[in-house]
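Colleague: I would like to learn how to read a model like this one. Could we go through it feature by feature?

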Amino acid sequence: MSMIDDSRPIFLQIAELIENDIVSGTIGEESQVPSTNEFAAYYRINPATAAKGINLLVERGILHKKRGIGMFVSTGARAQLLQTRRKDFQTQYIAPLAREAQKLGIGADELNAMIKQSLISELTEGSGIR
Amino acid sequence: MNDTQAPAIELRNLTKSYKDLNALDDISLSLEPGRIYGLLGRNGAGKTTLMTMLTGQGYPTSGEALIFGANPFEHDQTLARICFIRESQKYPDDFSPLQAFKAAALFFANWDQDLADSLAKDFALPLKRRIKKLSRGQLSAVGVIIGMAARAEITFFDEPYLGLDAVARQIFYDRLVEDFAHHPRTIVLSSHLIDEIANLLEHVVVIDKGRIMLNEDAESLRGSAVAVTGNAEKVEGFINGYEVLHRDSLGSLASVTIKARLTATQQEMAAELGLELSPVPLQQLVVRTTLAAQSREELTESQEALK
């Protein structure tokens, strides 16, 4: 199964796959996610590993258990995930950008101007105006 | 018998010697119940000997091999909890698979006939043909079916796939995951087809020359090493200070496998240096770790010889 790779623990990858589906809206809030055993069978992984991935999302409040029925996406899960990703945006994209800018001697004003310029061209290209 | 606290499998300073050879050399190990374990290692590493001790089919030279805290040797109560499928499992010559299953059903208390029937269908096993007329793959299928349908508390599969083609092996793995999900129990899979079973394993034990080389959760192993490839000089600079598991070079190119989980910053640094980082599959990791440990051992031996 190509969706699972060797670079990281499988349970993290399972949790991320579910998160992606929630962020993209493929799995709506309050709808049921596949069971541990279904994940295990589909991805051909150890059921304990699949359970660990799902439990991680339960701990974070993304999923909740309905006794005797299964796992469901919590209300507000999508907003929560978007918020986390926005927070990660700082560490994953902005921090390296700032580091590199400092290395090259690009000051805050110059960097701001550059970001603004990129944003504008992104916006105009993206919306097809002009 | 109160054995809820006892590990499913426990080895205490286990040694098994054949004349001058220590097939198992002072091994200690404790495995809890309800998991799928991979017992990995090269041919002749001691895997089969270990399982033979654990299933009461041989006795240690010294130390102990315990199943749920009890010595399995000639201990019926304990033996009833174990199923051991050998690489070349023997059956009475004039038995058919159907008769072999009937015999197994008498011995194993949790035997599931429906599971045996559906597996036999999956493997397209001729149930009434005499076992000695079966192909190598069909013979392996008989063992796999007994091992799974027995639903023993502890099941040992010693390289159970000889002669099974890729499709049949996949059926085995898929059905094993499915059945284990509904009936969790202790399963020990001995195999050298590590890539095929890597994702099924929760815990990995690697033995070599009768000793334990690696005893770790599969999940913590995943991503614990990385291969760094690129300009040899830059690679050497980058990997400085890490434990090196393997080194390959081709002209000015080098590829070095190091034991490390790189941070995002380090990955970025590698990218800036034009180095490529690639994940190391479990099979590679096992091979590299085993070989690295061997060369370390040889080094210490030669150092000791010099003293």
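Colleague: Among contacts in chain A between residues at least 6 apart in sequence, what percentage join residues at least 24 apart?

Modeller: Bear in mind that this is a predicted model. In chain A, 56% of the contacts between residues at least 6 apart join residues at least 24 apart in sequence.

Colleague: How do I judge the overall form of chain A?

Modeller: Set its radius of gyration beside that of a compact globule. For 130 residues the globule would have a value near 14 Å, whereas chain A has 20 Å. The C-alpha trace of chain A spans about 60 × 35 × 25 Å along its principal axes. As for burial, 21% of the 130 residues of chain A count as buried.

Colleague: Now the sheets. What holds the strands of a sheet together?

Modeller: Strands pair through backbone hydrogen bonds, in a parallel or an antiparallel way. Here, chain B has an open sheet of 4 strands in the order β11-β12-β10-β13, with antiparallel pairing. Its edge strands are β11 (243-250) and β13 (276-279) of chain B, each of which pairs on one side only. On average, neighbouring strands of this sheet are turned by 20° against each other, ignoring direction.

Colleague: How many bridges join β10 to β13 in chain B?

Modeller: There are 4 bridges between strand β10 (residues 225-231) of chain B and β13(B), and the two run antiparallel. B:Val226 stands opposite B:Pro279 in β13(B).

Colleague: Which helix lies across this part of chain B?

Modeller: Helix α9 (residues 232-239) of chain B lies across β10, β11 and β12 (253-259) of chain B, at about 145° to β10(B).

Colleague: And the nonpolar core: which residues have the most contacts inside it?

Modeller: The largest nonpolar core has 101 residues, and those with the most contacts inside it are B:Tyr37, B:Ile145, B:Ile146, B:Leu189, B:Leu201 and B:Val228. Helix α5 (residues 136-149) of chain B gives the most to this core, with 8 residues. Beyond four places in sequence, the contacts of B:Val228 include B:Val235, B:Phe238, B:Val256 and B:Leu277.

Technical notes:
Residues numbered from 1 in each chain as written. Chains lettered and ligands numbered in written order. Predicted model: local features only at pLDDT ≥ 70, side-chain atom pairs only at ≥ 80, totals over all residues. Pairing = 2+ DSSP bridges. Axes fitted to C-alpha atoms, helices over the stretch in contact; angles between N-to-C directions. Contact = placed C-beta atoms within 7 Å. Rg over C-alpha atoms; globule rule 2.2 N^0.38 Å. Buried ≥ 20, exposed ≤ 12 C-beta atoms within 10 Å, placed from the backbone. Core = buried A, V, L, I, M, F, W, Y, C linked by C-beta atoms within 7 Å.
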